[in-house]
Structures are given as C-alpha cells and as structure tokens.
Amino acid sequence: MANLAGISETNRQYLTRLHRRAKGLVDVGEASTLLDIDRVRAAKLLAQLAEQGWARRLRRGLYVLIPLEATSPEDWSEDPWIVAQRVFQPGYVAGWSACEHWGFTKQIFRDVAVFTAGTIRDRRVTIDQTTYVLRKISDRLLFGTRAAWRKDTPVQVSDPTRTVVDVLDDPAWGGGIRHVAQIVEAYCSSEHRNDTLLLDYLDRIGNAAAAKRLGYILEVQGATDQALLDRLRAFVTAGYVQLDPAVPPRGPFVARWNLRANVDAKRAG
C-alpha cells in the first residue's frame with residue numbers, strides 16, 4: 001500500500017465525516033453509527049478505504065484513518081499511546097514508558113509498556129510498526145492512573161507513585177534493578193514524591209517484595225527518613241526475595257529486608 005488510490009465522491013464524504021468525528025481511529029461499529037449505515041456496509045467501506053490506502057487496518061475491525069492531504073500512507077501513523085488505549089483497554093501505559101513520561105529516566109525505550117486487565121494472547125504485540133510489551137493484571141490492580149492527553153485523546157498512564165511501585169514489583173518493567181534504583185532516586189527528589197500514597201499503593205498491590213526492594217534501595221542511597229524506613233519494615237515478611245529476579249541468585253543476604261542483594265545497587269548511579 002505504497003500509494004493512495006483515487007476515491008469516489010461518496011467515499012470522500014464518508015472519510016471526511018469519519019475524520020471529523022472519529023479522531024483518527026475507528027472500528028466497524030463506530031463507522032456504522034457515525035455514518036448512519038449498517039454494519040455490513042461499514043465493514044465493506046473500511047476495507048475498501050484500506051485497500052485504496054485511505055485507511056490502515058490495525059487489527060480485526062479497527063482502522064487508522066489516513067488524512068486526505070497525505071501523500072502516502074507510510075508517512076502517517078497514529079500516536080502509539082492512543083492505539084494502546086484503544087486496543088488494550090482496560091489498562092494503562094506503565095513501566096519504562098511511564099517513567100519516560102514523568103521524567104524519571106533519560107533512557108529512550110522503543111517499545112511501549114502496557115498493563116492490561118483485558119485478554120492477551122502474546123506478551124509482545126506489534127501494531128502499525130510499534131511493539132507493545134504487555135503484562136496481564138487483575139481488575140483490582142486498575143488503580144493509580146492519570147489521564148495523559150495525546151493530541152485530543154486522554155490516555156491512562158500510571159501516576160508517578162504507581163509507576164515507581166510497579167517497577168519495584170517487577171524490576172524488568174523498569175529496565176532492571178540498577179535502573180529502577182535511579183528511578184527511585186529521581187522520584188524521591190521530585191515534586192511527585194508522596195510517601196503516604198507510596199505506602200498505600202504498596203499495601204494495595206499486596207507484594208511485600210516491592211517494599212523490601214524499596215527499603216533496601218533507600219538505605220543504600222543513604223536515606224535518612226527513618227519514619228518511612230520503619231513503615232517499610234512493617235511490610236517485611238518471612239522468606240528472602242531476589243533484589244532483581246531476572247539475575248541469578250547470588251550475593252549477600254540482607255536480613256533487615258529479607259532480601260538477597262544479587263545486584264550491586266550502589267553502582268546504579
């Protein structure tokens with residue numbers, strides 16, 4: 001689909017109406033409603049527009065519209081976050097993608113991290129040349145998000161505190177524990193820091209490992225807030241966890257946090 005084909009006046013009018021009302025993405029049901037045509041006609045129309053280069057199929061029944069002023073479909077793509085909001089709902093942009101959004105990292109990640117309570121078949125999905133890395137979560141974990149406006153579309157992203165809790169819960173979503181330590185440091189020195197909310201979220205996710213990792217990292221970084229450390233100590237349960245689960249078990253055991261320091265977090269800076 002390298003070039004745009006000619007379009008009939010009727011289909012041009014349909015396409016114009018869709019652009020005006022659908023905000024870039026449209027499925028068969030929406031097209032049927034917006035254009036006041038039956039679903040069969042809407043499905044055929046979208047398929048025809050895609051064949052002619054005026055739309056691009058993202059997945060079954062869902063299309064991105066190509067602007068009438070575009071010279072080639074390859075020059076146009078929808079914001080990946082908007083696609084994520086539509087395809088993986090209910091869910092939110094998370095992990096390293098949220099860290100970038102809140103300014104907790106200077107690293108650039110090509111893939112978009114998404115946590116979803118929806119049905120997923122594969123952990124990695126490529127849509128319209130963007131790879132989405134997915135984590136399946138339960139409905140009870142759909143909390144701690146904010147709306148980030150992309151163009152004129154609100155997209156749910158983990159709020160700053162939830163972002164930090166998520167990468168402590170599983171450091172792989174923060175690029176590994178050394179990078180997570182940098183994220184924690186950036187959060188604690190930012191305007192987004194909220195200790196009350198941090199403790200509340202740690203309690204709600206129900207994974208003591210996240211609190212153990214946070215307490216250990218804070219002490220390694222020289223934290224002097226004893227009240228926060230004492231509150232984190234209350235989360236410590238029996239059994240040792242790996243500081244970074246993706247790294248082989250090795251290194252010293254830290255009894256204070258029931259944690260095995262299998263990565264040197266002091267070198268995280």
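## Asn 262 and its surroundings

The backbone oxygen of Asp 244 lies 2.8 Å from a polar atom of the side chain of Asn 262, and the backbone nitrogen of Leu 243 is found 3.3 Å from a polar atom of that side chain. Polar contacts of this kind are pairs of N or O atoms within 3.5 Å; within protein, one atom must be able to donate a hydrogen and the other to accept it, and residues adjacent in sequence count only if both atoms are side-chain atoms. This is a predicted model, in which local features need pLDDT of at least 70 and side-chain atom pairs count only at pLDDT 80 or more, while totals for chains, interfaces and linings use all residues. Residues are numbered from 1 along each chain as its sequence is written, and side-chain values use heavy atoms, with hydrogens and water left out.

Asn 262 belongs to the segment after strand E12 (259-260), where helices (H or I, at least four residues) and strands (E, at least two) are DSSP runs numbered from the N terminus. With a relative accessibility of 4%, Asn 262 counts as buried, a term that means under 20% relative accessible area, whereas exposed means over 50% and partly exposed lies in between (1.4 Å probe, protein chains only). Leaving aside residues up to four places away in sequence, Asn 262 touches Gln 242, Leu 243, Asp 244, Val 247, Pro 248 and Arg 250, contact being heavy atoms within 4.5 Å.

## Aromatic pairs

Rings of Phe, Tyr and Trp (its six-membered ring) pair if their centres lie within 6.5 Å, and planes under 30 degrees apart count as stacked, over 60 as edge-to-face and the rest as tilted. By this rule there are eight aromatic pairs. The rings of Trp 96 and Phe 109 have centres 5.6 Å apart and planes at 20°, so this pair is stacked. Because Trp 96 lies in helix H5 (residues 95-102) and Phe 109 in the loop between H5 and strand E5 (112-116), the pair ties together parts that are 13 residues apart in sequence. Trp 96 counts as buried, at 10% relative accessibility, and ring pairs link Tyr 92, Trp 96, Phe 109, Phe 115 and Trp 173 into a cluster.

## Charges over rings

A charge sits over a ring if NZ of Lys or CZ of Arg is within 6 Å of the ring centre and within 35 degrees of the ring normal. Phe 115 has the charged end of Arg 135 over its ring, 5.2 Å from the centre, and Arg 150 lies over the face of Trp 81, at 4.1 Å from the ring centre.

## Cysteines

With a disulfide taken as a pair of cysteine sulfur atoms within 2.5 Å, the structure holds zero disulfides. Cys 99 is in no disulfide, and the nearest cysteine sulfur, that of Cys 188, is 13 Å away. Cys 99 is buried, its relative accessible area being 0%.

Leu 228, Leu 229 and Leu 232 are buried in helix H10 (residues 226-233). Seen down the axis of H10, its buried residues fall within an arc of 100°, so they line one face of the helix; the arc is that of the directions from the helix axis to the C-beta atoms. These buried residues of H10 pack against H8 and helix H9 (208-220), while the face of H10 turned away from its buried side carries the exposed residues Ala 227 and Arg 231.
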